[in-house]
Amino acid sequence: MSDTIKTSLLAQLLGAIKMLEQAIEACPNEFWKDDQEFWYKAYHTLFYLDYYLADDPASFAPPAPFTFSEFDPAGAKPPRVYTQEELLHYLNYCRALAIATLPTKNLEQRFINAYRDYSQFEIIVYNIKHVQHHVGMLTLLLRQKCNATPGWVSTD
């Protein structure tokens with residue numbers, strides 16, 4: 001049963017990641033540069049996608065050039081606007097991380113930080129919900145600003 005659960009969780013997480021990828025790719029360059037709301041929401045989503053994939057949140061570190069700005073209690077933004085290419089690279093990094101690590105996770109192991117004490121099973125479900133929540137926001141922004149919306153993805 002555990003293999004079936006892991007396979008299903010991975011398929012749904014990859015579907016959510018694909019929808020995020022489509023939203024990032026659908027954003028016109030001029031909107032990306034002019035609207036901090038879009039690129040920052042995309043970055044925030046990827047940062048936490050990566051973080052929630054960590055077996056040990058205490059040892060998590062985002063890959064360069066990304067920083068720990070998301071953990072800043074004052075809400076500091078990243079030091080610069082990350083490009084679409086950088087965020088798509090980060091997305092591919094997260095996708096590869098999910099594919100490599102999720103099948104070997106102990107779903108009973110705890111993911112513990114200052115705000116959560118979840119099993120790996122629950123943090124994966126939480127991660128899927130978090131990505132989809134922000135994909136919804138990004139899709140709305142795309143619809144409002146440039147009448148472009150990515151399609152639905154069941155699984156990837």
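I began with N127, which is found in helix α5; helices are DSSP runs of H or I with at least four residues, numbered from the N terminus. The model is predicted, so I kept in mind that local features need pLDDT of at least 70, that side-chain atom pairs count only at pLDDT 80 or more, and that totals for chains, interfaces and linings use all residues. Residues are numbered from 1 along each chain as its sequence is written, and side-chain values use heavy atoms, with hydrogens and water left out.

**Entry 1: N127**

Is N127 buried or exposed? I found a relative accessibility of 1%, so N127 counts as buried (buried is under 20% relative accessible area, exposed over 50%, partly exposed in between, with a 1.4 Å probe and protein chains only). I then looked up its contacts, leaving aside neighbours within four places in sequence, and noted Y48, L49, Y52 and L53. Contact here means heavy atoms within 4.5 Å.

**Entry 2: the tyrosines**

I looked up the aromatic pairs and found 26 in the structure. Rings of Phe, Tyr and Trp (its six-membered ring) pair if their centres lie within 6.5 Å; planes under 30 degrees apart count as stacked, over 60 as edge-to-face and the rest as tilted. Y48 and Y52 are both buried.

Y52 also pairs with Y126, edge-to-face, at 5.3 Å centre to centre and 85° between the planes. Y52 lies in α3 and Y126 in helix α5 (residues 120–146), so this pair ties together parts that are 74 residues apart in sequence. I noted a relative accessible area of 5% for Y52, which is buried, and 21% for Y126, which is partly exposed.

**Entry 3: K77 and Y40**

The charged end of K77 sits over the ring of Y40, 4.4 Å from the ring centre. The criterion is NZ of Lys or CZ of Arg within 6 Å of the ring centre and within 35 degrees of the ring normal.

**Entry 4: helix packing**

I took α3 against helix α4 (residues 84–101) and found an angle of about 20°, with the axes 10 Å apart. Axes are lines fitted to C-alpha atoms, for helices over the stretch in contact, and angles run from 0 to 180 degrees between N-to-C directions. That makes α3 roughly parallel to α4 (under 35 degrees is roughly parallel, over 145 roughly antiparallel, 65 to 115 roughly perpendicular and the rest oblique). Residues making the contact include W39, Y43 and F47 of α3 and L87, Y90 and Y93 of α4.

Helix α1 (residues 2–26) and α5 pack at about 20°, with their axes 9 Å apart. That makes α1 roughly parallel to α5. Among the residues that meet are I5, L9 and L13 in α1 and F121, I128 and L142 in α5.

How do α1 and α4 lie? Their axes come within 11 Å and cross at roughly 175°. That makes α1 roughly antiparallel to α4. The contact includes L10, K18 and E25 of α1 and Q84, N92 and R95 of α4.

**Entry 5: P65**

Last, I checked the bond between A64 and P65: the peptide is cis, with omega about 10°. P65 has its place in the loop between α3 and α4.

Note on methods: Helices (H or I, at least four residues) and strands (E, at least two) are DSSP runs, numbered from the N terminus.
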